[in-house]
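This report is written for someone meeting the structure for the first time. Please look over the sequence and the 3D view before reading on.

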Amino acid sequence: AIVICSCACSEDGMSNFLFKNGECLCEIVTVEKDLNTSKMAAELSQYLAKIGGATVPVVTEEQANKNRFRIEIRNKPAFMKWVDTGFDGYVVNITKDKLLLIGNGRWGVGNAVHGFLTDYLDVHWYMPGELWEVVPREPDVRLPIGKKVYRPGFTVRNLAAPDRTWIKRNRAQFVGPIDIP
């Protein structure tokens, strides 16, 4: 389920570029120091580089360049007392100078990154493995300004499949080991 909270648009309805003519104009700033957020920052960087054709740096707050479009991945407890995302929901908040991906807990942080890649950049994982991965190549990538709250329609979305990464990328949950004869 998608709930649109607000949409404040600039004159052309668009924010800064992530990429322009294949040049990276953004960076991922790691504010929180937990391992899951760091892994999600690295994965987001990897997919953005595949899309735009240029490396997207992952930097600390101290290394951040104030003149670049800023991407932050955050865990809910510090930020989202003002919105109810439910269990493992998330928020995508895009302003003229920042993309904020905020997840509710470990699963919500992953859902925020994978949901953003799917819903905004058209990345899809139809089956496990690179053969079934669809990643568009775009030298110019801009994001619409606005905020969306994603609250899962089901509290538990378990999926039994042999590939945990594929399960997570499709915003489901892993139920445990599975043996395939």
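**The chain as a whole**

The model is a predicted one, and its protein chain holds four helices and 14 strands. Of the 181 residues in the protein chain, 46% count as buried, and the accessible surface of the protein chain comes to about 9600 Å², with 54% of that area belonging to carbon and sulfur atoms. When contacts in the protein chain with a separation of 6 or more are considered, residues 24 or more positions apart account for 71% of them.

In soluble globular proteins, nonpolar side chains tend to be buried together. In this model the largest nonpolar core has 37 residues, and the residues with the most contacts inside this core are L18, L44, F116 and L121. Helix 3, which covers residues 105-121, gives the largest share of this core, namely seven residues.

Which residues does F116 touch, once its neighbours within four places in sequence are left aside? F116 is in contact with L18, L44, V92, L99, L101, N111, L121 and L143, a list that includes L18, L44 and L121, which are named with F116 among the residues with the most contacts inside the core.

**Helix 1 against helix 3**

Two packed helices are described by the angle between their axes and the distance between the axes. Helix 1 and helix 3 pack at an angle of about 10°, and their axes are 9 Å apart. Because angles under 35 degrees count as roughly parallel, helix 1 and helix 3 are roughly parallel to each other. On the side of helix 1, the contact is made by N36, T37, M40, E43, L44, Y47, L48 and I51, while helix 3 contributes R106, V109, G110, V113, H114, F116, L117 and L121.

| Pair | Separation in sequence | C-alpha to C-alpha distance |
|---|---|---|
| A49 and G22 | 27 residues | 9.5 Å |
| F17 and P144 | 127 residues | 9.9 Å |
| G105 and F87 | 18 residues | 8.0 Å |

A49 lies in helix 1, which spans residues 35-52, and A49 is partly exposed, with a relative accessible area of 25%. Not counting residues up to four places away in sequence, A49 touches F19, A54, T55 and V56.

F17 has its place in strand 2, and, with its neighbours within four places in sequence left aside, F17 is in contact with L25, F69, D140, V141 and R142.

G105 is found in helix 3, where its relative accessible area of 21% makes G105 partly exposed. Leaving aside neighbours within four places in sequence, the residues in contact with G105 are N75 and K76.

Is R74 buried or exposed? At a relative accessibility of 13%, R74 counts as buried, because the limit for a buried residue is under 20% relative accessible area. R74 is placed in strand 6, which runs over residues 69-75, and the side chains of R74 and E72 are joined by a polar contact of 2.9 Å.

**Two loop residues with positive phi**

N21 lies in the loop between strand 2 (14-20) and strand 3 (23-24), and its phi is near 50°, a positive value in a residue other than glycine. N21 is exposed, with a relative accessible area of 63%.

D122 is found in the loop between helix 3 and strand 9 (124-125), and phi of D122 is near 65°, which is again a positive value in a residue other than glycine. D122 has a relative accessible area of 46% and is partly exposed.

Conventions. Residues numbered from 1 in each chain as written. Predicted model: local features only at pLDDT ≥ 70, side-chain atom pairs only at ≥ 80, totals over all residues. Heavy atoms only, no water. Buried < 20%, exposed > 50% of the residue type's maximum accessible area, 1.4 Å probe, protein only. Contact = heavy atoms within 4.5 Å. Areas by Shrake-Rupley, 256 points an atom, 1.4 Å probe, with all protein chains shown as cover. Polar contact = N/O pair within 3.5 Å; in protein donor to acceptor, adjacent residues only side chain to side chain. Core = buried A, V, L, I, M, F, W, Y, C linked by side-chain atoms within 4.5 Å. Axes fitted to C-alpha atoms, helices over the stretch in contact; angles between N-to-C directions. Parallel < 35°, antiparallel > 145°, perpendicular 65-115°, else oblique.
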